[in-house]
Amino acid sequence: MNALRVVAGRELLILAAIDRLVGTDRPAYGVTIRDELAKRLGRAPSLGAIYAGLGRLADQGLIALSLSEPTPVQGGRARRLARLTPAGRAALRRATVGLARLFDGLPVLAGS
Amino acid sequence: MRRRPPAMAESLLRAVAPPDDAAFIAGDMLELFTRTLEVAGPRAARRQYWIAVLQALPHLLARRFERSESSMFVDLADDVRFAFRLAQRTPVATAAILLTMILAVASVTSVFSVVDAVLLRPLPFANSERVVELRSTYQGGEPLTNLAYPDLQDYRVMVPAFEALSAVTENVATLTGAGEPRQFTTVQVDSAYQDVMAARVERGRFFAPADFAVSAPNVVVLGNGYWRHELGASPSVVGSTMVLNEEPHLVIGVLGPSDFQYPQPGAELYLPLRIYPGTMMVNRGAMWVGAVARLRPGTLLASARAQLASVAGVLERRNPGDAGLSATILPLREAVGGSVGGMMALLSLAVGAVLAIACLNIANLLLGLSQARSRELAVRAALGGSAFRVRRQLLTESLVLAAVGGGIALALAPALTRALLAAYPGSLPRAAEVGMSPRVIMAGVTVSLAMALFVSLPLLRRTGRGNVPGRLRSGWREGRSAAERRFGDLLVASQVAVSLAVVAAAVLMVRTVVRLSSIDPGYDPRGAISFRLYASAVRFPGSSGAARFYDQVLAGIRTIPGVRGATTITQVPFSGSFGDVFVREDVGDQGQANPHTQIVGVSAGFERVLGLPLRAGRSFEVIDGADSSAPVVVIDETLARRAFRGTDPVGKLIAWQGRQHWRVVGVVGLSRSDALYDEPPPHLYFSTKQIPRRGLYVVVRTSPRPQTLLPELRAIVRSVDPEVAITNVETFDDALGHSIAPHRFRAWLTGVMAAVAFLLAILGIYAVVAYGVARQARETGIRMALGEDQASVRRRVVVMALRVAAAGVLAGLAISLVSARWLGAFLVGVSPYSAGTLAAVAAAMLAVTGLAAAIPAARASRTDPAVALRAD
């Protein structure tokens, strides 16, 4: 049933940010997700909110979490990396298509 | 500035974050910190780190909660469901536990609601903790409630700790001109009273200095309750007139609503206290007035007390009339509740005992139940249930019991409180404030929870111990370990101990009541009724007028069929007393050694009305009232014995009340007028025709039940003066009953508690013995197979029970002896160390233990060895 769920709100933002980071040289984890959102939206949720969102998405099977290799510096640490699962990809697609349909031709956009 | 994130913020983050995420989120935070550090410097970086952590907290907490729901809360629901299923499986035991719990929690809650309102809660007006009552002390003795007015005036000026001080005194007034004449308690106060009691004026004004002038017009201020309930909150009351004691009083104001009336509940007519120069009011040494004061903010009670004592010392040196006098203060809350402190302590102790016994009993029952579940618990452990998980299950079961039992108890508590207040003898100060306040509900909930925790402690201690496979195999038939058995025995012995102490106390209280009821008061209480009248100074002026009023009333009453006699009397039994000294003229003034006696005014034939035998001489006769008659008195045999030892008092002359040559004309039987248990006090009777009084009681002796004649009595009084109020109507039987009512109440209370304690103890003994017998069925079977006969089996079981009970009895006797001194305050004519009572109660306890053990013992003796050994 989870696969048919429409994600929305902060979770949707996080899913989108993870998808954007795919194919860049930056892996998707707390800080990069926050940076990506800050860059695109002008403001970003707190790290705590992002972690809570990641936890919820993982509970629903929309993302998978894995450990990175430790960073190659002294005292370097492992990061918890996120990637979309097929269900997550489907949910993101469904949500964005839905939103695009919803926003298409909004008078407020035409007027600006 | 350090180049590290703030340590405190970091540990806060790690503490709050879900354990799996903590390391990663801390790492990410550190990464952000390092970045900000390079861009904006350490200060900004640290500040942003704090902000980020604080922003993260709600999200992390919410996340944690979501997660835990999936394990902890689901399990909890399971535990609760299981607890209910278990309760259905053992309905009798569960009902017993619930009943015990309800009984204990309801009684604790309702007693606490009373004690809290009467003793603990601050009085219901602004800054009431700063208000104190003044008490005088004489030569370091017990504080007396009254002071001398000139001393009070000096305290008002000379003690800096007092912000305001008001004299307070009570009186009674008859209200006429508004339907039936009625009597009210009035309070005479200073203008400072308003400041001391923080009394708001709702309408009109309070007293001004001019109202206190001796010649000022009469004014009255009404309490809010009186105005609301008696006058229907009439808006036009200020400016109207009330007739009090036949004098019109102008109503000048109404006080704001208040739950508290001082000096006593229901005193709601305030009059200005007027001081008449040249009367005893202004004598130092005439202790007639009470006082309340408000302390300045921040003043300690001790320092105010010290200031007052030093001022009193100055006054004592300055005025010879103040020799030996000093003064002290008491917080008003204690002064008001103090008179019932002993009774409240007894109540608290009684419910404490019930609570203790209930806890022990429930713990015992739960322990028994859990042993029957030994196999189930073992299965849980074998299937991987951690000790923690099993303990939580057990605790949940107790908590469910506590929630159900506590809930029912809290619902029942108000009714129980009402019953307690109704049964309480006399009036309880601040009774109007008693109710289910949040504090009381909190107390009830706390007691329930504490009980749940306490009763499951032995269980919790036990779980997770012992070998699981062994318990699995043998199930509940396995013998208990020595430690378990000792613990069960300890519970039962404690129960026996507490019950014995409570039962012994109850027996002593009941013996007190029996003893008081059997004391001869001297007079005959059957068929006698009394009421109080006040002769109008307008319609019956002068002292002869008062005498004429009572003559007419008595003459009228004597014509009523069924009336056997009637007399006036200055005080009826238990209505207070008046004492004085006199001088025997044949031996002269003896100074300190002059005889002291109770003084009672009566009319002719009083001894027949009261039922006192005439021992010598004669009583008053109608002729004694005549203007020219010689002054005569009658004494009772107690006074004859004390003051006229060895001589015939009849014909002797005494000087009394500034008058010479009172002749003793007769001696009547003794009477205990004020307290049944005391040595009878001496009495001197004078005739109310020779010293007339306006306010007097009338005693009527009747052949039918005296209450049935009340309408006729009222009609007679009204025919003499339609404006006079009949008050304080009471039969002598009731007055006697009321005088021992506190004792009856205590006996009743401890009796109920004792019955409960006794019953629970017997149940406890029975349960433990029956349970032990069932557990040892195999052992018994083996013994019987080896040749033990039935009688010996029975004996062994009973002796085992008796041994436990005997330990409890010894402990209970110790408790009784330790508390005896305190208990003595509630006993009359019965020693708290009464060996007979204690021995009888101890014997009864052991006998009942034997009986309670006999049933399971008989069952044990019928064990069929073959069956017992085959089982399993």
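What share of the 112 residues in chain A is buried? Colour chain A by burial and you have the answer on screen: buried residues make up 32%. Keep in mind as you click along that this is a predicted model.

**Stop 1: chain A from end to end**

Show chain A as a cartoon and count 5 helices and 2 strands. Following the sequence, you pass them in the pattern α-α-α-β-β-α-α.

**Stop 2**

Now select residues 9-21 of chain A, which form helix α1, together with residues 86-103, which form helix α4. Their axes come within 10 Å and cross at roughly 110°. An angle from 65 to 115 degrees counts as roughly perpendicular, and α1(A) and α4(A) are therefore roughly perpendicular to each other. The crossing of this pair is left-handed.

From α1(A), pick L12(A), L15(A), A16(A) and D19(A); from α4(A), pick G88(A), L92(A) and A95(A). Sorted by class, this contact of α1(A) with α4(A) has 5 nonpolar, 1 polar and 1 charged residues.

**Stop 2: where the chains touch**

**Stop 3: chain B as a whole**

Chain B has 872 residues, and 41% of them count as buried. Its cartoon shows 25 helices and 23 strands. Among contacts in chain B with a separation of 6 or more, 82% come from residues 24 or more positions apart.

**Stop 4: the largest nonpolar core**

Centre the view on V354(B) and A757(B), the residues with the most contacts inside the largest nonpolar core, which has 105 residues. Several helices of chain B give two or more residues to this core, including α10 (341-372), α15 (482-518) and α21 (741-775). The biggest share comes from α15(B), with 19 residues.

Stay with A757(B) and display its surroundings. Leaving aside neighbours within four places in sequence, A757(B) is in contact with A353(B), V354(B), I357(B), V498(B), S499(B), V502(B) and V503(B). Apart from this core lies another, of 59 residues; to find it, select L533(B), F606(B), L684(B) and I716(B), which are among its members.

**Stop 6**

For the last stop, select helix α16 (residues 542-558) and helix α19 (residues 710-720) of chain B. The axes come within 9 Å and cross at roughly 145°. Here α16(B) passes α19(B) in a right-handed crossing.

On α16(B), the contact is made by F549(B), Q552(B), V553(B), G556(B) and I557(B), while α19(B) brings L713(B), I716(B), V717(B), S719(B) and V720(B). How many charged residues does the contact of α16(B) with α19(B) have? There are no charged residues in it; the classes are 7 nonpolar and 3 polar.

Terms used: Residues are numbered from 1 along each chain as its sequence is written. Chains are lettered from A and ligands numbered from 1 in the order in which they are written. This is a predicted model: local features need pLDDT of at least 70, side-chain atom pairs count only at pLDDT 80 or more; totals for chains, interfaces and linings use all residues. Axes are lines fitted to C-alpha atoms, for helices over the stretch in contact, and angles run from 0 to 180 degrees between N-to-C directions. Helices (H or I, at least four residues) and strands (E, at least two) are DSSP runs, numbered from the N terminus. Angles under 35 degrees count as roughly parallel, over 145 as roughly antiparallel, 65 to 115 as roughly perpendicular and the rest as oblique. A crossing is left-handed if the near helix is turned anticlockwise from the far one by less than a right angle, and right-handed if clockwise. Two residues are in contact if their C-beta atoms, placed from the backbone, lie within 7 Å. Ala, Val, Leu, Ile, Met, Phe, Trp, Tyr, Cys and Pro count as nonpolar, Asp, Glu, Lys and Arg as charged, and the others, Gly among them, as polar. A nonpolar core is a set of buried Ala, Val, Leu, Ile, Met, Phe, Trp, Tyr and Cys residues joined through C-beta atoms within 7 Å. A residue is buried if 20 or more other C-beta atoms lie within 10 Å of its own, exposed if 12 or fewer, and partly exposed in between; C-beta atoms are placed from the backbone.
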